[in-house]
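Let's walk through a fold together, one feature at a time. Have the viewer open and follow along.

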Amino acid sequence: MTIRQLTLEDCQAVADLETQLFDGRFDAAGLRALLGKPAFYGAVLPAPDMPITIHAYCLAYITSMQADIIAIGAEKTKQGRGFGQIVLQHLIDVTEQNNVAEITLEVAADNIAARRLYDSCGFHVSGIRKDYYYRGENRCDAVIMVRQRDSAFP
Ligand SMILES: CC(C)(COP(=O)(O)OP(=O)(O)OC[C@H]1O[C@@H](n2cnc3c(N)ncnc32)[C@H](O)[C@@H]1OP(=O)(O)O)[C@@H](O)C(=O)NCCC(=O)NCCS
């Protein structure tokens with residue numbers, strides 16, 4: 001499987017994954033608009049021999065100093081197979097090639113799979129947004145995580 005940059009043709013497939021995983025924060029039109037922004041970077045991992053079927057994706061803003069991951073996901077039936085790690089490592093590689101100092105992201109405290117992924121890729125906790133997410137009648141913290149360019153895998 002070969003990871004590649006998000007294109008206009010991928011926007012509907014990624015929007016469908018956004019609906020599946022996050023109740024659709026980005027629709028296809030919104031993703032097409034993001035593609036026009038200079039700081040936006042998107043990556044997709046297509047299925048082998050089926051380039052319009054997307055197994056995993058990552059969306060970010062990358063500037064000279066900092067990158068912000070705004071979405072990462074793997075198709076529900078394909079989770080736990082290393083695809084999330086592939087797209088995240090690709091994003092890390094892109095930032096390192098561009099000498100970006102740090103990558104930040106936000107994750108719900110109860111999202112165990114995502115937190116394991118970020119831990120294993122060299123992210124550490126830099127802050128907490130208390131009671132940020134709703135869980136029915138309960139609340140859940142948001143965890144801010146950062147990966148410094150030179151401090152990963154000490
Ligand atoms: C988070 C997500 C992107 C991870 O992608 P993935 O392809 O399932 O994960 P991988 O197979 O690459 O595994 C990465 C790590 O997560 C761990 N992991 C994956 N699924 C897990 C699960 N259900 N429970 C616990 N750990 C899990 C793996 O063991 C691995 O950890 P390790 O490196 O310490 O062994 C994916 O689960 C997903 O799309 N979740 C829904 C959307 C989401 O929550 N996105 C993140 C928002 S911040």
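Q: Which elements make a right-handed β-α-β unit?

A: Before we look, note that this is a predicted model, where local features need pLDDT of at least 70, side-chain atom pairs count only at pLDDT 80 or more, and totals for chains, interfaces and linings use all residues. Residues are numbered from 1 along each chain as its sequence is written. A crossover is right-handed if, with the strands pointing away from the viewer, the path from the first strand over the helix to the second runs clockwise. Here the unit is made by β4, α3 and β5.

Q: How many helices and strands are there in the protein chain?

A: Helices (H or I, at least four residues) and strands (E, at least two) are DSSP runs, numbered from the N terminus. The protein chain has 4 helices and 7 strands, and along the sequence they follow the pattern β-α-α-β-β-β-α-β-α-β-β.

Q: What order do the strands of the open sheet have?

A: Two strands pair if DSSP finds at least two bridges between them. In this open sheet of 7 strands the order is β1-β2-β3-β4-β5-β7-β6, and the pairing is mixed. β1 (4-5) and β6 (124-135) are the edge strands, each pairing on one side only.

Q: Which strands does α3 touch as it packs on the sheet?

A: Contact is judged from C-beta atoms, placed from the backbone, that lie within 7 Å. By that test α3 touches β2, β3 (50-62), β4 and β5 (102-108), and its direction makes about 45° with that of β3. For such angles, axes are lines fitted to C-alpha atoms, for helices over the stretch in contact, and the values run from 0 to 180 degrees between N-to-C directions.

Q: How many residues surround the ligand?

A: A residue is near a molecule if its C-beta atom, placed from the backbone, lies within 6 Å of it. The ligand is surrounded by 20 residues, and the closest are Gln 79, Gly 84, Gln 85, Ala 113 and Ser 120. The elements giving two or more residues to this shell are β4 (66-74), α3 (83-97) and α4 (112-120). α4 gives the most, with 6 residues.

Definitions and conventions:
Two residues are in contact if their C-beta atoms, placed from the backbone, lie within 7 Å.
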